[in-house]
Amino acid sequence: MDAVWDVGLGAVEWVQNWGGWLAPPMEAVSFLGSQALLLVLVTLVFWSLHAGIGARLFVFVAGAGVVAGLLKVALHGARPSWYHHSVRPLVTPATFGAPSAHAVTSLVLWGYAALRFRTRWVWAACAAIVLGVGLSRLYLGAHFPTDLLAGWLVGAGLLWAALRYETAVLEGWRRLGVPAQAGLALAVSVLPVLLAAGVQAVFHSGWSPPEDWTGSVPPGLNGTSLEYLAGVAGGLFGGAVGLSV
């Protein structure tokens, strides 16, 4: 993996050399692919445009965040600024790198919007946002290009599954009572956290950064990565139950 990261390191350094004045706009663009945006955007869509689309967006994007968090724990990928001291860490994430959760989130969120509205300008705007979010993560020193590619692949798979099975899943969900819906939502939220904890215990127990990582690596990555996953999974549970009620 080091050979791939070495190639990606050049791309990150090249983008960062575009100039420090880009930091504020890049941070703003990065926000368009964050889980934090979900709370604002879904609320607006739910109350102002279409409640059903708002509810689906929440479940799809929160679920995508859970998948991304689980993969981060499993892969234990480096961030560019951890791997090499030449990269400026303009953000300070405390989870492992691959895949990029911003890439996953942005593709699921804006890809779903593009496919729902089906107009040329919406498609162009959504594609620009997805690519812009990826570029911003390189500039901020948060990800290698391979993290973005992995995130987009995961997001594309999740988006396809969501569109392919949403009608059947919703019909089955609506046939359940609220207690059964809450129990199923709890299981879907808790199981990824338990799986991640098991993966850490079996494969990454006592993990420490490799010696060839010359950057500044934050302490306690195993714990903070698991906490991130638990937080997103908890949000998925709460949102799914609230929307069901």
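Colleague: What makes the contact between Glu166 and Arg56 a salt bridge?

Modeller: In this predicted model, the side chains of Glu166 and Arg56 meet with 2.9 Å from N to O. The cut-off is 4 Å between a side-chain nitrogen of Lys or Arg and a carboxyl oxygen of Asp or Glu, so the contact is called a salt bridge. Glu166 belongs to helix H8 and Arg56 to helix H4, so this pair ties together parts that are 110 residues apart in sequence.

Colleague: Why is Glu166 called buried?

Modeller: The relative accessibility of Glu166 is 9%. Buried means under 20%, so Glu166 counts as buried.

Colleague: How do you know that Arg116 forms a salt bridge with Glu166?

Modeller: The closest N and O atoms of Arg116 and Glu166 are 3.2 Å apart. That value is within 4 Å, so the pair qualifies. Arg116 lies in helix H6 and Glu166 in helix H8, so the bridge ties together parts 50 residues apart in sequence. The structure holds two salt bridges, and through shared partners Arg56, Arg116 and Glu166 are joined into one network.

Colleague: Is Arg116 buried, partly exposed or exposed, and what makes it so?

Modeller: Arg116 has a relative accessible area of 38%. Buried is under 20% and exposed is over 50%, so Arg116 is partly exposed.

Colleague: What is known of the largest pocket, and which residues lie nearest its centre?

Modeller: The largest pocket has a volume of about 970 Å³. Its lining comprises 29 residues, and those nearest the centre are Val59, Phe60, Val169, Trp173 and Leu236. Helices H4 (51–75), H8 (145–174), H9 and H10 (221–244) are the elements that give two or more residues to this lining. H4 gives the most, with 10 residues.

Colleague: What classes of residue make up the lining of the largest pocket?

Modeller: The lining of the largest pocket has 22 nonpolar, four polar and three charged residues.

Colleague: Why is Leu191 called exposed?

Modeller: Leu191, in helix H9 (residues 178–203), has a relative accessible area of 55%. Together with Leu186, Val190 and Leu194, Leu191 makes a nonpolar surface patch of about 360 Å².

Colleague: Why is Leu184 placed in another class?

Modeller: Leu184, also found in helix H9, has a relative accessible area of 39%. This value falls between 20% and 50%, so Leu184 is partly exposed. The C-alpha atoms of Leu184 and Val241 are separated by 9.5 Å, although the two residues are 57 apart along the chain.

Colleague: What makes the phi of His76 worth noting?

Modeller: Most residues other than glycine have a negative phi. His76 is not glycine, and its phi is near 55 degrees, a positive value. His76 sits in the loop between H4 and H5. With a relative accessible area of 6%, which is under 20%, His76 is buried.

Colleague: Which peptide bond is cis, and where is Pro99 placed?

Modeller: Most peptide bonds are trans. The bond that joins Ala98 and Pro99 is cis, with omega about -10 degrees. Pro99 is in the loop between helix H5 (80–83) and helix H6 (101–117).

Definitions and conventions. Residues numbered from 1 in each chain as written. Predicted model: local features only at pLDDT ≥ 70, side-chain atom pairs only at ≥ 80, totals over all residues. Heavy atoms only, no water. Patch = residues over 30% accessible without salt bridge, like charges linked within 9 Å, V, L, I, M, F, W, Y side chains within 5 Å. Areas by Shrake-Rupley, 256 points an atom, 1.4 Å probe, with all protein chains shown as cover. Helix = DSSP H or I, 4+ residues; strand = E, 2+ residues; numbered from the N terminus. Buried < 20%, exposed > 50% of the residue type's maximum accessible area, 1.4 Å probe, protein only. 1 Å grid on protein atoms, 1.4 Å probe; cavity = no way out; pocket = protein on both sides within 12 Å on 5 of 7 lines; lining within 4 Å. Points joined across faces, edges and corners; volume = space filled by probe spheres on them. Nonpolar A, V, L, I, M, F, W, Y, C, P; charged D, E, K, R; others polar.
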